[in-house]
Amino acid sequence: MSSCEVTDLQPATIIPDEEAFADANRINAAVLGIYEAAQRGFYLGAVQRGYPFGAASTQQGDMRGEDMYNDQLFYEVTYINGHTPQSANNNGQWISLYRMINRANIVIENLDQALAEGVLTEAERNRFRGEALYLRALAHHELVVFFARPYADNPSSMGIPYRTFAINDVSLVEEGEGVGRGTVESVYQQLLADLDEAEELLPTSGTAFRARSQAAIGLKSRVKLHMQDWQGVIDEYNKLAGEFAVTPDPLTPFRGGTSSDNIFSFENTELSNAGVNGALPQMYGNPDRGARGLVKISPVIWTADFWLEEDERRSVANGADGMVTTNPGGIFTNKYIDPVTYNDPTVIQRFAEVVLNAAEAQARLGNSGEAVSLLNEVRDRAIPAGNSFTAAALGGMDEIIEAIIQERRIEFLAEGRRFPDIHRLAGEGRIPGIPAKAASRSVNSLDFYTGEAEIQFDHALEYSSNLFVWPIPQEEILNNATAPIEQNPGY
């Protein structure tokens, strides 16, 4: 057969939408493809690099804060605020998040036709649509936290493009390019719209490895905290209270990801994971236990006077039971323990977060007793009896709020939640920006954790700095020929 006779052949690696959504099993596979795009993502043309929700989101959230410590070059550009519009770390996050979003939109746009043709039942259609909406919202919230100013500062400031339709054909590129940044407020309103619908569509049963209605509720709690919708935060907490519970052992949520505290996690297995360059146990694990150990606990948080020495979350592991491990160079989290098959779950939402969100919301509304009770719900299971907080002992409302924020730093250590808190708190003027950190690559012994060696501080960043938010990738701006996205000021 001559070459001119071979025309219009469908590439073997591509399944057109009319085929992909003509079978319920294939539709389920397409939904799982959104999870895959989130779990191990895409980075500089490669998969298995942990973008966006493998290790990357967790590391970016930690490395922008002061409580986890950058030990090598890998995430140093993030740790020292050295990013530019060409930096691979923040660009990889942008690209992989929108790749994930586009997969979600492709699924959303094809479900109603599959329902009409009898390929799916209404319950199946609703579940798949709810999952796609939830994952779309999760990705967009990550983007708006890192690439835009906080809602608490100015809801009318520039947001990020909220993409609600799929780009799966060249003819749609121009329309896609025309989606502008909008405002931060418009982004948050669309987040809530997606999550409200997801809450209604998703089932309430199942495991934490696929989105349930409760995952949409938990993410709304997070979103409303950033919006300073204090009563809304409490309302979302009330939906989950009694159904979920903080685990007595702080390690339990990380040993399989299916405890009473786990609302949503990305599953990793030996066959499907973010790989040596993107898995949490490799990035955060102790080198003495076979990990790369790129990120360790900072002496900044370890020596903080508000973290009790007897706190269970400081316990040193003999096997896999303690919260931290040590080597001569420092202290490492023990939340992630499998540097061989990388099967630790990536924990995205825990009930402990919803509880502390509600505690802060109660404090912001002046309800000190309720706030401290919720704070103790998380704190008391890790400290010796008799050390519970009381509203009277803490003092005024500002002191209660500060105690809640300090508890968040301890409880969510090595989970990537620090910068989102810095982002919203700096936006409201409660803190001046990113606090000073231990100087990159200066902490090389346990002496810095005991006080025998003096911590060198560096890398603080004022909120007013343009570097407080990441730049839009230069590649995104240059490739958008129709309506180039406006760059963040100062870049």
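Start at Gly429, which follows helix H17 and has a positive phi, near 85°. This is a predicted model, in which local features need pLDDT of at least 70, side-chain atom pairs count only at pLDDT 80 or more, and totals for chains, interfaces and linings use all residues. Residues are numbered from 1 along each chain as its sequence is written, and side-chain values use heavy atoms, with hydrogens and water left out.

**Stop 1: helix H17**

Select residues 418-427, which make up H17. Helices here are DSSP runs of H or I with at least four residues, strands are runs of E with at least two, and both are numbered from the N terminus. How many of the 10 residues of H17 are buried? The count is 10 of the 10, so the helix is largely enclosed by the rest of the structure. Buried means under 20% relative accessible area, exposed means over 50%, and partly exposed lies in between (1.4 Å probe, protein chains only).

Contact means heavy atoms within 4.5 Å.

**Stop 2: Glu66 and Arg409**

Stay with H16, residues 397-411. Select Arg409 and Glu66: their side chains meet in a salt bridge, 3.4 Å from N to O. Glu66 sits in the loop between helix H3 (56-63) and strand E1 (68-70), and Arg409 sits in H16, so the pair ties together parts that are 343 residues apart in sequence. A salt bridge is a side-chain nitrogen of Lys or Arg within 4 Å of a carboxyl oxygen of Asp or Glu. Are Glu66 and Arg409 buried or exposed? Both are buried.

**Stop 3**

Next, select Glu411 and Arg313. They form a salt bridge, with the closest N and O atoms 2.7 Å apart. This pair links distant parts of the chain, 98 residues apart: Glu411 is in H16, and Arg313 is in the loop between helix H12 (299-302) and strand E4 (324-327). Arg313 is buried at 4% relative accessibility. Glu411 is buried too, with a relative accessible area of 3%.

Then pick Arg314. Its salt bridge is with Glu309, and the closest N and O atoms are 3.7 Å apart. Arg314 is buried, with a relative accessible area of 7%. Glu309 is exposed at 60%.

**Stop 3: backbone details**

Go to Pro52, in the loop between helix H2 (24-39) and H3. The peptide bond from Tyr51 to Pro52 is cis, with omega near -10°.

Move to Tyr342, in the loop between strand E5 (330-333) and strand E6 (346-350). Its phi is positive, about 60°, although Tyr342 is not a glycine. At 15% relative accessibility, Tyr342 counts as buried.

Then find His459, in the loop between E9 and strand E10 (461-462). Phi of His459 is also positive, near 70°. His459 is buried at 11% relative accessibility.

**Stop 4: two distances to draw**

Select Asp112 in helix H5 (residues 88-116). Asp112 is partly exposed, at 41% relative accessibility. Draw a line from its C-alpha to that of Glu66: the separation is 46 Å, for residues 46 apart along the chain.

Next, select Ala453, in the loop between helix H18 (447-450) and strand E9 (457-458). Leaving out residues up to four places away in sequence, Ala453 touches Asp447 and Phe448.

**Last stop: the whole chain**

Zoom out. The chain has 19 helices and 10 strands. Its C-alpha trace spans about 80 × 45 × 45 Å along the principal axes. Of the 491 residues, 59% count as buried. Among contacts between residues at least 6 apart in sequence, 72% join residues at least 24 apart. Colour the salt bridges to finish: a search of the whole structure finds 37.
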